[in-house]
Each structure stands twice: as C-alpha cells, then as structure tokens.
Amino acid sequence: MKLDPRTPVVVGVGQAAERIDDSDYRAMSPVELAAAAAQAALDDCYAAAVAGEIDTIAALRQFEISGPTVNAPFGRSNNYPRSVAKRIGAEPRRAILEVVGGQGPQHLITELAGEIAAGRSQVTLIFGSDATSTLRHFAQRADKPDFSETVEGDLEDRGPGIEKLMTHYTIIHGLVDAPSQYALIENARRAETGLGPAEYLRRMGELFAPFTKVAAANPFSAAPVERSVEELITVTESNRMICEPYPRLLVARDQVNQGAAALLMSIEAARRLGVPEDRWVYLRGHADLEAPAFLDRPDLGHAPSAVLAAREALAVAGIGVDDVATFDLYSCFPAPVFNICDGLGIAPDDPRGLTVTGGLPFFGGAGNNYSTHAVAETIARMRSAPGQFGLVGANGGIQAKYSVGVYSTTPGPWQPDRSAQLQAEVNGWATVPVTETPDGAATIETYTVRRDNGRPTGIVIGRLAADDKRFLATTEDDELISLLIDGDPLGQPVQVRSFDYGNRCWL
C-alpha cells in the first residue's frame, strides 16, 4: 500500500517509575520522571539524533497543577514541557501544556497526529508525569527535595479547564472530588441493574480482580499486588470506605511516581531518520466526544457519548469490537469500564482482558497522564503481534470527555473522524430539567455518603414529586444516613427543602 508520506505513525514509547521502597529510590521530580520516559521513547524508535528533530512537544498537567491554584510544595518548573525538552536535547518550536482530564493523552495523540497528517508538524513528543507519592513521603520532613526550575521559551498553556467540571451548585453540595461524583454514577447504574448494594459491590470486585493480576506483572505499577475479589470488597482498616459504594481498593490510586511518553512522526520523517518499519504503529481509528453536563443527563448511570466515541473510532479503523485484540478501558472507578462494556456488548470477564497496564487503582493513576501508559503498553502489544488491533479508551472529567484510539501495525492511510458532526448530535440530545431551589416531596434517584474527618454526610440526587425536576441535596439526618449506608435508598421517598446555603433532605 502506497501511503501519503505525511501519514503519522507512533515510533517510540517509554515509561519510567520509582517506588518509595525501591533500593535505588531517588525522589525524582516530575520533570525528571517525564524526561526519563521521553528518553526511553527516543531510544525505543531505534534511530539516532531524533531529539533535535522534534518540532512539537505536548505535556499533561501534573496532579498538583491541575486545579485553579498551584499547590506544588516542593516547587515546580515554570515551563514543564520545555524543562523536559531541555533534558533530552530538544528545541521544539511549539510547546503545549494540555487541559485537565484523563482524556488528554489520547486527545493529544489524535490532535497532533492530525497536525502531522496536515503537514504542519513532522516529529512530535507527548509526555506526562506525577510524583505524588514522593510529595506525600516528604510532606512532614525537613529534607524536602527542591523541584523548582526556570527555563525560557514560549508555552501554549491551555489552562486547567476545570470550569466545566464543577459549578457553584455542585460545590456547595460537596461534589468537589472524583470519588463522590463517580459514586453517584455508580449507584445510578446499580438502580438500572436491579442489584442490591452487596451484590453490586461483588460485581465491582469481580470486574477489577483480573486487573490486579496484570498490575502485579507490570514493572511500572505503583501497587503490583494480585488481589482476590474478597480482598477488594471487604472493608477493613486498610481498605476503608471512601464513599458509598467504594472501598479504597476500588478507586484510582493517586500515590504514584510515574512518567510516560509517546513519539510520533510522519512516515517521511521516520524514513529520513532511519526508524525501522517494525517500530511503526498506526493510529488507525480515533474519536473525541464530550457528554452533556452531569446533572443534565437523562441517564446518570451511563455516558452514551463515550460509547459513541468508541464506535466511531472502530468505524474509522474499519473494524468491529470483535476484531480488537487488546483493550485498555479507563478505570478510575468501575463505572467508566462498565459503561463501555454495556455499550459495546463486552462481557466484564472478556478473556481478552480490559486493561494492558493493570488499571488506575492498581497500576496507578494520579491525575491526567494514565492513558499515556496505556498507549505505551498497547504499542508494545501491537509490535509483538503484528496485524492485531488494540483499543485505548481515555476518560476525563465526571465521565464527561472520552477519547479513543485504535492502534495497529497494519498500514492504513490517515482517516479523519466525524467527531465534530457527532458532537453536534450529542449537543442536541434531550436533557433533564434541574432546579437549584427544590421544596417538597421527592424520591432518591442516586446517592453517596462522604466521610470528611470521619463524619458522614449524605449527598442525594433526587426528583421532585410535583414536576420531576432533578435536584441536589445533602443530609446529616441520622435516619437517612443510616439508610444510605446500611440499606438501599434508591427510589425511597424523602422531603427536601432549599436554604440559602444549599438544599437539605430527610426521610
């Protein structure tokens, strides 16, 4: 097949990691971790003098610089992408710092592969890193490392982009963290299954137990321990409840020291630089879609826009879901994995497996860069089995943004996707009316319980009996809290009242 010389290929991937208890632990900074991964990606393409050819670099934000304010207690680089570039001897003309979200790695790969296909770039490096485990390790110590550095150079800082992730309404009702918001999604999905809390908890454990086996065999894992279903779902002192229905071992592990990178080139550049063709992996399919605002969604338990993105990526690749050899479905919590399984008809115990890394709770997933590791592992799998297809599904926000990539060594032309057209369709989907000032009789649609400083606070999404409008409310009512923790409150009647400081509900 004769391909356009501008056709993009992934030619190198790299990962780096260290654990606190490693004998050679060095307390690497985020820049050092990303640079190690970037150098590994350069080495992986089996060609010399590539760093000087990089014209574009794009970086994922670290966990500590992903919020509206910077919280980097050990200091940070003023220009993270160019700090990494400097360490590997690159002087790119363009440097990007991406918005917040787990969709970022695959989104950047798709976007910048498109830039290569359009002839606006020839060699691109994408990377990210987190050193959250080291931050915690040294938090109370006097000998803290200094991660601050200053480098010159332009930076296309796209900003955190978190304004779509939360509103005043959600903030005043305690929806400021991922676990509590995904718990609402999880319990809404449980309502559709008809399962009780204990049965559903077991289903979550059965979904994730195979992930731990993959993580245990991955040298880059933050927690390489194989665990049984019982270990995952039994609440103990070390596996405490984070919020209903999640024990700690069923949520993303944010304590990691990891970095990952991917190197993309045009076929023309790969040939010119001497990259062997057995290193080339094609992005055969891709799509990016964004869901409606969380409270507006008719079905809180699912994100059909993510399924639509996966279907589009498969269509662009010209294959069906049965043709996929490997999956890595973003697994910050069970819900996003179930969502794709439900939508594509994949069994949760599919023998192909649903992760190539070990998943976010076990391999690790501190912030925005997890799926770069998923891409790196997928590229390795594709090279080891030429002709197969691997799918990476990258989730961001509150099951809000989904980016999908389908990879293969089988050559194929760059194909644009229909994401813009499909997004217009998604934007036209029906929404649910929401009120911020509910009063009167209502029923519980979904719920969770936060445990701030050990004190339980219930968070409820409900529907008013009078007009079926959706609302948010919190509760510290003992009787209702008891039902939320020990019973099954889905569909139960409550009373709700609006106050200046938010809404409150009770049985």
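**Figure 1. The area buried between domain 1 and domain 2.** In this predicted model, domain 1 and domain 2 bury about 380 Å² between them, with 66% of this area on carbon and sulfur atoms. Buried area is the accessible area (1.4 Å probe) that two parts lose on being put together, summed over both. L295, P298 and L300 account for 88% of the area that domain 1 buries against domain 2, more than any other three residues. Domain 1 covers 8–164 + 254–428 and domain 2 covers 439–506, bounds that come from an automatic or database domain assignment. Their centres, taken over C-alpha atoms, are 37 Å apart. As a predicted model, it is read with limits: local features need pLDDT of at least 70, side-chain atom pairs count only at pLDDT 80 or more, and totals for chains, interfaces and linings use all residues. Residues are numbered from 1 along each chain as its sequence is written, and side-chain values use heavy atoms, with hydrogens and water left out.

**Figure 2. Contacts across the interface of domain 1 and domain 2.** Six residues of domain 1 contact six residues of domain 2 (heavy atoms within 4.5 Å). Two residue pairs are in polar contact across the interface, both at pLDDT 80 or more. A polar contact is a pair of N or O atoms within 3.5 Å; within protein, one must be able to donate a hydrogen and the other to accept it, and residues adjacent in sequence count only if both atoms are side-chain atoms. The side of domain 1 that touches domain 2 has four nonpolar, no polar and two charged residues. Here Ala, Val, Leu, Ile, Met, Phe, Trp, Tyr, Cys and Pro count as nonpolar, Asp, Glu, Lys and Arg as charged, and the others, Gly among them, as polar.

**Figure 3. The second largest pocket.** This pocket has a volume of about 390 Å³. A pocket is an open set of points on a 1 Å grid over the protein atoms alone, with protein on both sides within 12 Å along at least five of seven lines; lining residues have an atom within 4 Å of a point. Grid points are joined across faces, edges and corners, and a volume is the space filled by probe spheres set on the points. Of its 20 lining residues, K164, T167, A293, F294 and L295 lie nearest the centre. The lining comprises eleven nonpolar, three polar and six charged residues.

Definitions and conventions. On a 1 Å grid over the protein atoms alone, a cavity is a set of points where a 1.4 Å probe fits but cannot get out, and a pocket is an open set with protein on both sides within 12 Å along at least five of seven lines; lining residues have an atom within 4 Å of a point.
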